[in-house]
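Subject: Structure handover

Hello,

Here is the structure I promised you. Please open it beside this email and follow along.

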Amino acid sequence: IPPLTYKVVAECSVSKARAGLMTLRHSEVNTPVFMPVGTQGTLKGILPDQLIELNCQILLGNTYHLGLRPGIDTLKKAGGLHKFMGWPRAILTDSGGFQMVSLLQLAEIDEHGVNFRSPFDNSQCMLTPEHSIQIQNAIGADIMMQLDDVVKTTTTGPRVEEAMERTIRWVDRCIEAHARDDDQSLFPIVQGGLDVPLRQRCVSALMERQVRGFAVGGLSGGESKHDFWRMVDVCTGYLPRDKPRYLMGVGFAADLVVCVALGIDMFDCVFPTRTARFGCALVDSGQLNLKQPKYKLDMEPIDQKCHCSTCKRYTRSYLHHIATNESVSCSLLSIHNIAYQLRLMGSMRQAIQRDEFPQFVKDFMAKHFKTDPIPAWIREALAAVNIQLPADPEKEDQDLEKKTKAEKRQETENVAEEQVATS
Amino acid sequence: MKFAIESIKKNSGRLGKLRIKDSGPELRTPLLLQTTKGGSIPWLSSDVFESHVSRKPQVLQFTLSTMDQMAEALAQWNIGGGRGLSDYVGLPGHLNILLLRDPCETTPSGGNDRDIQPLFTRRGKESLTPERYMEMVASFKPDIYQGLCDADTNLESAKKRVQKSVDRTEKFMHYVYENRANVESTLLAPIVGGYNTFARTQSIKHAREQPAGSYGGYILEGFHTNGLSATTLDSSKLLPIVEHCVKQLEEDKPRIMPGAFAPLTILELIRQGVDVFDTSYAYCASMNFKALTFSFVQDTKEHVPFLDITDDVIKEDFSPPMNNCSCLTCQKHTRAYLHHLYKTNELLGPILLMVHNLHHYITFFETIRESVAKDKLPELTELVKNQNTKSQVDYSIAVNTKVITKATMGKGFAAAAV
Ligand SMILES: [Zn+2]
Ligand SMILES: [Zn+2]
């Protein structure tokens with residue numbers, strides 16, 4: 001049996017959304033799926049048992065961090081990351097390249113790999129495609145990523161094409177170096193910046209390789225939302241129907257809904273756990289910043305409808321008092337936020353299976369934006385897959401629109417920051 | 001609150017039954033209170049505590065110094081009977097006791113104005129008048145609360161400071177006794193006076209002068225200033241003064257002594273007749289990356305009191321923190337993993353340590369009660385003292401230079417590396 005099988009269980013008759021079942025060595029994974037990020041072999045303050053309770057089927061680990069701590073020797077001796085961290089279900093690892101480029105200012109890329117200075121002794125080091133695969137083989141994740149040539153999404157000109165071409169050359173080196181193809185599946189990464197023909201060329205080149213799924217990279221790094229959705233749409237338009245598609249680093253609720261409509265199956269983002277550390281809880285209408293004084297005497301749970309262990313036991317009032325003060329608040333809010341993300345994905349799967357996904361999208365957007373106008377890019381993206389959102393209830397007030405735009409810009413900037421600060 | 005002595009043994013101390021609420025469970029002493037911070041068991045959500053530490057009803061030890069900012073919310077929560085203080089912090093079904101000071105952290109000294117008791121909170125020093133204190137108790141509605149007292153003394157305190165703590169406590173308590181009818185909770189009479197027998201006697205005398213039924217038990221304070229200071233107390237100084245106090249107290253009332261006493265000190269205090277302790281020692285160990293590994297089961301092997309999680313020798317040690325431990329941490333995780341979590345400053349590290357340390361400490365207390373019942377406390381004391389080695393083991397906890405603080409909570413390796 002191959003280490004990854006994927007089958008489409010249901011398809012939306014209107015949009016490109018699909019529900020699937022991915023079977024990995026350590027777990028079955030129902031898609032579309034959100035993968036919480038457990039950077040250093042642990043998910044911020046949550047026990048593996050609690051994640052299983054939340055029905056989390058797959059976690060993400062970061063190769064760069066794990067390669068430094070605990071290090072490859074220790075992971076090998078432990079028998080891989082699953083055993084080391086006591087997590088019986090599936091894991092996906094990134095290549096380490098992206099974090100290196102974003103965390104280490106001095107990292108430089110050439111044809112051999114990513115050059116960087118060791119954060120420990122400042123010696124010159126090199127992460128090659130082969131090296132990244134060796135590390136990921138030692139970690140033993142069910143799904144691993146190729147090392148790709150990462151450029152800022154805002155980069156233009158020949159560098160973007162060079163990065164795309166190099167990414168294709170590197171995937172062959174990764175496939176060549178991959179020593180555990182019977183246990184682990186290597187995903188190539190679609191690059192090509194914000195350029196439609198480059199993205200197309202990249203997809204068709206990668207499709208010639210023997211791989212079991214694809215990642216879409218180089219997005220969610222500060223580009224406009226308009227460019228963002230179009231690139232996702234282009235990639236899913238060309239990727240094969242029978243293999244899973246993973247959009248890297250996307251995790252805001254509205255983005256998840258739009259990208260599922262565009263045909264993406266897998267997501268990851270540090271946002272739900274990161275925002276928990278600052279006392280923020282995710283709800284359909286966005287997020288509650290529980291540190292705000294208005295929650296001091298609010299004796300309701302974060303969300304009446306949520307069945308997570310936090311909402312069962314704790315009030316907004318109590319969480320207001322302990323958020324950012326007692327470290328247990330970080331665990332409590334992370335649990336709720338992950339429960340929120342997983343529930344959102346579950347609702348989308350159900351809606352797709354009942355072929356009610358377009359209605360789900362409309363209901364979600366109405367709840368999410370309430371009286372705020374729905375951003376134009378969301379309308380356009382959904383219209384591109386035949387989901388027409390109803391007109392905003394009231395005539396858009398100019399100031400309001402301006403404010404929303406500013407907020408959205410802020411949100412994009414936050415995502416960029418997330419990417420850099422993944423830890 | 002009802003307390004009944006089951007047995008008193010010269011060498012093993014006393015065994016008792018405590019019923020805090022008529023509708024509540026009957027608890028057995030020597031009893032272990034569950035120390036909390038800001039109302040929560042440190043690092044543990046209520047479901048982790050109940051799934052992996054204890055399913056039985058516990059007595060939660062709340063402290064005003066970590067919860068004072070919740071007074072307004074609790075007043076509203078408790079309107080018309082309400083659901084109670086334990087419910088508010090997500091731990092329904094557990095009993096509770098409200099103390100002034102956090103036994104986990106060193107209480108700063110000073111600030112003892114004539115009519116005001118300082119309360120050291122996260123936001124700095126607050127000033128408690130007896131009036132304000134009783135208002136807060138009325139808002140919190142705990143099952144049990146302590147009398148307002150000045151406990152700012154330790155072995156080094158000058159005679160004058162000790163005398164002042166007794167006088168000020170007496171003054172505060174005049175008000176508390178007069179107004180205790182305004183709250184339904186059971187009062188604990190504070191006994192202070194440092195290491196001075198005369199001062200202690202005076203403090204006890206004031207409590208015993210009160211009409212019968214004024215209070216339900218005693219809280220003995222002023223022997224240390226909380227935090228790690230309690231782990232290093234000199235028994236030869238502590239035990240005589242405790243003995244001096246205990247023999248003057250009414251026998252049919254429980255005696256509570258908060259603080260992170262070393263396990264050996266706990267056993268010695270139990271022999272003196274102290275009934276109730278707390279889990280702040282388990283907290284202090286976890287905070288400083290130590291897994292408790294002392295043995296209280298009779299065997300012939302040598303044991304060490306702690307496993308130091310920061311020690312590089314366990315980097316690739318894939319054995320459980322403690323062999324033969326049935327807690328989640330020891331069943332599912334390894335020393336190497338705990339070391340990794342320490343190195344990366346991950347929040348799961350103290351969570352897993354706390355699960356083990358609380359589990360270990362609660363089991364320790366179960367063993368204590370069995371030993372007291374069988375009049376075998378001296379044997380247990382001997383084992384805990386030497387751990388089957390040739391000399392007495394050291395239970396004091398040193399400050400780890402790298403502790404999980406709020407400042408480091410959110411930063412992983414990345415921040416340190418760049
Ligand atoms: Zn919830
Ligand atoms: Zn254990």
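The largest nonpolar core has 222 residues. A nonpolar core here is a set of buried Ala, Val, Leu, Ile, Met, Phe, Trp, Tyr and Cys residues joined through side-chain atoms within 4.5 Å. Buried means under 20% relative accessible area, exposed over 50%, partly exposed in between (1.4 Å probe, protein chains only). A:F357, A:M365 and B:L44 have the most contacts inside this core. Its largest share, 14 residues, comes from helix α13 (residues 328–353) of chain A. Domain 1 (2–286) and domain 2 (294–402) of chain B each give the core at least three residues; these bounds come from an automatic or database domain assignment.

Some ground rules. This is a predicted model: local features need pLDDT of at least 70, side-chain atom pairs count only at pLDDT 80 or more, and totals for chains, interfaces and linings use all residues. Residues are numbered from 1 along each chain as its sequence is written, chains are lettered from A and ligands numbered from 1 in the order in which they are written, and side-chain values use heavy atoms, leaving out hydrogens and water.

Now the metal. Which residues hold the zinc ion (ligand 2) as protein donors? They are B:C325 (SG), B:C327 (SG), B:C330 (SG) and B:H356 (ND1), lying 2.1 to 2.3 Å from the zinc ion. Donors are N, O and S atoms within 2.8 Å of the metal (3.2 Å for Na, K and Ca); water is not among the atoms, so sites may look incomplete. The 4 donor atoms subtend angles of 100 to 113 degrees, so the arrangement is tetrahedral (four donors, all angles between 85 and 135 degrees). In sequence, the spacing is C-x1-C-x2-C-x25-H. B:C330 in helix α11 (residues 328–332) and B:H356 in helix α13 (residues 348–373) of chain B are 26 residues apart, so this pair links distant parts of the chain. Helices (H or I, at least four residues) and strands (E, at least two) are DSSP runs, numbered from the N terminus. B:C330 is buried at 6% relative accessible area, and B:H356 is buried at 0%.

Next, strands in chain A. Strand β5 (residues 58–61) is covered on both faces. A:I58 and A:L60 are buried on one side, A:L59 and A:G61 on the other. β5(A) pairs with strand β6 (residues 90–93) in the parallel sense over 4 bridges; pairing takes at least two DSSP bridges. A:L60 stands opposite A:L92 in β6(A).

Best wishes

How values were computed: Four donors count as tetrahedral if all angles lie between 85 and 135 degrees; four count as square planar and six as octahedral if opposite donors are over 155 degrees apart and all others between 65 and 115; anything else is irregular.
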